[in-house]
Amino acid sequence: MALFLINSPLFLENAQGHGANIQYQRCEGIEITSLYDSGTPMAGARVLIFAPDKPEVAQLEGITDEEGKFRFFLDSSQEGVWSVQTRLAGHGAMAYIPIGNSGENGEGKSSVAVPSAKARASLSTTQRLLMVLVILWGCLGTALFFSRKKN
Amino acid sequence: MVSDKFRNQQGKNAKMLSKSKLLTSIMFFLTIFLFLIFPIRHSLAQEGRLQFYANGEELIVAGFKYPHLTKDGWELNFEHVYVTLTEITAWQSKPPYDAHKGGNIKGVKKVALPGIHTVDLTKGTLQNPAVLVGELTGVPSGHYNTISWRMAKATSGPAKGYSLLVTGSAKKNGKIIPFRIVSDNECEYRCGEFVGDVRKGFVGKGSVADLEMTFHFDHVFGRADEPLNSEMNKAAFGFEPFAGKSSAPRVIKLSAIHLGHVGEGHCAFH
């Protein structure tokens, strides 16, 4: 859910005459709601937020309110999938928030990489094509060798 | 004489031509070989290791002890807790697998630990209750954010014929009884990302990452330190149903209990 917070310009004066002002800018925010399967809010759950460029270290931390909600702002310059984890007393969940074009979740093609067949799994299409060409070259050479005219 | 010289020169030329052809062929195949081998070596350098752990957590290693008694007030000490695991597969899934929705895993890449593994969860320690199941080498780098496995009947060893075998003793009001709980039920678990103190499954160039299959036995026995009307306690058996007078093993169905987890994250199972 997108959340826009706008603070109005405000001018204050005090006895010393020091001026103060508040500048504002529009920021895109995120609100998460953490619930148990029963629909009960996970109040007081620990929230960890991971950025796409450093997915192993939490960039933000917080606690959900009594409705299981937590609001935060993302650095929208970091495109990709942001990960959010909430945990409370042995229960937890992950959520993934795509930001920007590179963060959109696409449908990945399934492919199997079998570790015991390391080299095969690592071959690119170009390498496989070259291997096929080399094999064809060998077959052609063998065929020409046996079909040559004997003087 | 001239003719002999000419013939010799022709022979030399033919030999040179033959040598030249041979050299050209060797150079050609060497070039192809080098072209192939360097990218492969480069690709292999992008691989790491991935370890798989099974974890019964503190409740199995230390037992259900006060204040963590079963929901019906029994203290449990475990002698063995054998789980038999197979088809253990780590996935780079996209989109990340949602265990609450269930369904098939859409994997971009996957690696599988071959074999059937019977693990005694009591072999963990209080400091590190996780028990190593196996390790894969040559794992393509990336984030393995999904894991699936099947609990299957052991084909050998003390747990032969069972996917789950739990032995130990239970104590309540000064009465101590031994117990033996078994299941020959087979069940597949499909789980999203590990939910815990750290994020797991990041395989990098030459690095070691791990994934965990977590088994929550409080979903079987319940917990006295949680409200009785909590979702977990409402679904859990407690220990009373296993505390009969007969010494015959008590049989449970895996499909009736939410045993397999990834840390604190739930799994789809069927």
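**Strand pairing and the nonpolar core in a predicted model**

Within strand 14 of chain B, B:Gly265 is the bridge partner of B:Val262. The model described here is predicted, so local features need pLDDT of at least 70 and side-chain atom pairs count only at pLDDT 80 or more, whereas totals for chains, interfaces and linings use all residues. Residues are numbered from 1 along each chain as its sequence is written, and chains are lettered from A and ligands numbered from 1 in the order in which they are written.

Strands are DSSP runs of E with at least two residues, helices are runs of H or I with at least four residues, and both are numbered from the N terminus. Two strands count as paired if DSSP finds at least two bridges between them. Strand 13 (residues 260-262) of chain B runs antiparallel to strand 14 of chain B, and two bridges join them. These two strands form a hairpin with two residues between them, and B:Gly263 in the turn has a positive phi of about 65°. Strand 14 of chain B is also joined by three bridges to strand 9 (residues 187-191) of chain B, again antiparallel; here B:Tyr189 has B:Phe269 as its bridge partner. Four of the five residues of strand 14 (residues 265-269) of chain B are buried, so this strand is largely enclosed by the rest of the structure. A residue is called buried if 20 or more other C-beta atoms, placed from the backbone, lie within 10 Å of its own.

The largest nonpolar core holds 80 residues, of which B:Leu50, B:Ala54, B:Val83, B:Leu85, B:Leu121 and B:Val133 touch the most other members. Strand 2 (residues 75-93) of chain B gives the most to this core, with nine residues. Such a core is a set of buried Ala, Val, Leu, Ile, Met, Phe, Trp, Tyr and Cys residues joined through C-beta atoms within 7 Å. Leaving aside residues up to four places away in sequence, B:Val83 touches B:Ala54, B:Val119, B:Leu121, B:Met151, B:Leu164 and B:Phe215.

Turning to chain A, there are two helices and nine strands, following the pattern β-β-β-β-β-β-β-β-β-α-α along the sequence. Buried residues make up 18% of the 151 residues in chain A. Four strands of chain A form an open sheet in the order 6-5-8-9, with antiparallel pairing. Its edge strands, each pairing on one side only, are strand 6 (58-63) and strand 9 (91-99) of chain A. Nine bridges join strand 8 (residues 80-88) of chain A to strand 9 of chain A, where A:Arg87 stands opposite A:Gly92.

Note on methods: A residue is buried if 20 or more other C-beta atoms lie within 10 Å of its own, exposed if 12 or fewer, and partly exposed in between; C-beta atoms are placed from the backbone. Two residues are in contact if their C-beta atoms, placed from the backbone, lie within 7 Å.
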